[in-house]
Amino acid sequence: MDDDLDQALGAVGPRLRALRRQRETTLAELSAATGISVSTLSRLESGARRPTLELLLPLARAHGVTLDELVDAPPTGDPRIHIRPIERDGMTLLPLTRRAGGIQAYKTIIPAGSRRRKPELRTHEGYDWVYVLNGRLRVVLGEQDLVLSPGEAAEFDTRVPHWFGAADAEPVEFLSLFGRQGERAHLRARPKTRDPRRDTP
């Protein structure tokens, strides 16, 4: 049992390094996000420092993975996904993807009565695609102020100043696909039916 534990903990360092490189994050940036010193992070990745729960919890949170994924725990055979909601700016984000890097999927819920009058626009690296499920979503994107209804979608470069909020006092639910490295959502559409009248000379 001890050998299995040592083997699992020994594999954490390379996994931490791989996650950080996938996200193109420096040790200094990760240190700022977790509060763990650069030297400790470096020793963890090299295997010179034994990982502890106190160190792994903030690292798992920063990389967007579970502790099980970080230590490569064996699957339990349980098909259920245990989603841990994230509270941010009065909204609840439900992560729908478990892997680090690549496109991340979220379901976002804005509760009833949470309409914010003054948008606080933000920018960051990446590309976002949103699809409204319920309610009316207000999207401020640069100079544009849009309201999306259920069934409508929008996609944009997140380096453009943007903000999400409820368009009225009703709750809003929407799906979001986000890529940190600027991956775009690839949507396939059925081609339009050709008009045979246009084919006549």
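View 1. At 29% relative accessibility, Tyr131 counts as partly exposed, because the class lies between buried (under 20% relative accessible area) and exposed (over 50%), as computed with a 1.4 Å probe on protein chains only. The model is predicted, so that local features need pLDDT of at least 70 and side-chain atom pairs count only at pLDDT 80 or more, whereas totals for chains, interfaces and linings use all residues. Residues are numbered from 1 along each chain as its sequence is written, and side-chain values use heavy atoms, with hydrogens and water left out. The structure holds 3 aromatic pairs. In one of them, Trp129 and Tyr131 are stacked, with 6.2 Å from centre to centre and 10° between the planes. Rings of Phe, Tyr and Trp (its six-membered ring) pair if their centres lie within 6.5 Å; planes under 30 degrees apart count as stacked, over 60 as edge-to-face and the rest as tilted. Trp129 has a relative accessible area of 14% and is therefore buried.

**View 2. The pair of Phe164 and Phe174.** These two rings form a tilted aromatic pair, 5.4 Å centre to centre with 50° between the planes. The pair links distant parts of the chain, since Phe164 lies in strand 8 (residues 162–166) and Phe174 in strand 9 (residues 172–179), 10 residues apart. Strands (E, at least two residues) are DSSP runs, numbered from the N terminus. Both Phe164 and Phe174 are buried. Together with Phe156, Phe164 and Phe174 form one aromatic cluster.

View 3. Two strands pair if DSSP finds at least two bridges between them. Strand 5 (residues 137–141) runs antiparallel to strand 6 and is joined to it by 5 bridges. Leu141 stands opposite Gln144 in strand 6.

**View 4. The surroundings of Thr108.** Thr108 is part of strand 3 (residues 103–110). At 5% relative accessibility, Thr108 counts as buried. Leaving aside neighbours within four places in sequence, Thr108 is in contact with Met91, Thr92, Leu93, Val172, Glu173 and Phe174. Contact means heavy atoms within 4.5 Å.

Technical notes:
Helices (H or I, at least four residues) and strands (E, at least two) are DSSP runs, numbered from the N terminus.
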